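Me: I want to learn how to read sheet pairing and helix packing. Please take me through one example.

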Amino acid sequence: MEIRKIDDNISVAPQIAVQDVAEIARLGFKTLVANRPDREEPGQPSMADIEAAAAEHGLKWVYLPVESGNITDADVDNFAPMIRDADKPVFAFCRSGTRCTVLWALSAARELDPREILTRAHRAGYDITGLIPRLQQQADQH
């Protein structure tokens, strides 16, 4: 399991396995967020199995699947209040962690300077410079 910390409130990761959930809880995460659609690719763990493991280990489960490469403003509108109100720290995953990072970045742009968002994402290993226009759009609208 590869955990990439964005800040004290959220870390992201590529696809996790059901057996990773115990370690996620042990590390002190409070909310587990899945941004990957169920059955996106063959062999991917079932979201129901991960959800059951989250419940077993006392984690709040949030399922907000988004289509890779097609994150809409509606997706951001769903993610923003979830991340704001979630029990923290949050552990979010998708296929590579990129969708989670993009969702976080676009929702964070409503409150944080885009340069700070780019820095945090870069430190976590994600280059989201292509999002600068959308980050600015989110900042301007909120």
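Predicted model: local features only at pLDDT ≥ 70, side-chain atom pairs only at ≥ 80, totals over all residues.

Me: How many bridges join strand 3 to strand 5?

Reply: Strands pair if DSSP finds at least two bridges between them. Strands are DSSP runs of E, at least two residues; helices are H or I, at least four; both are numbered from the N terminus. Here four bridges link strand 3 (residues 31-34) with strand 5 (residues 90-93), and the two run parallel.

Me: In what order do the five strands lie?

Reply: The order is 1-2-5-3-4, in an open sheet with mixed pairing. Strand 1 (4-5) and strand 4 (60-63) each have a single partner strand, so one side of each lacks a neighbour in the sheet.

Me: At what angle do helix 4 and helix 5 pack?

Reply: Axes are lines fitted to C-alpha atoms, for helices over the stretch in contact; angles run from 0 to 180 degrees between N-to-C directions. Helix 4 (residues 98-108) and helix 5 (residues 114-123) pack at about 160 degrees, axes 10 Å apart. That makes helix 4 roughly antiparallel (over 145 degrees) to helix 5.

Me: Which residues make the contact?

Reply: Contact means heavy atoms within 4.5 Å. Helix 4 supplies Thr 101, Trp 104, Ala 105 and Ala 108; helix 5 supplies Ile 117, Arg 120 and Ala 121.

How values were computed
Residues numbered from 1 in each chain as written. Heavy atoms only, no water. Parallel < 35°, antiparallel > 145°, perpendicular 65-115°, else oblique.
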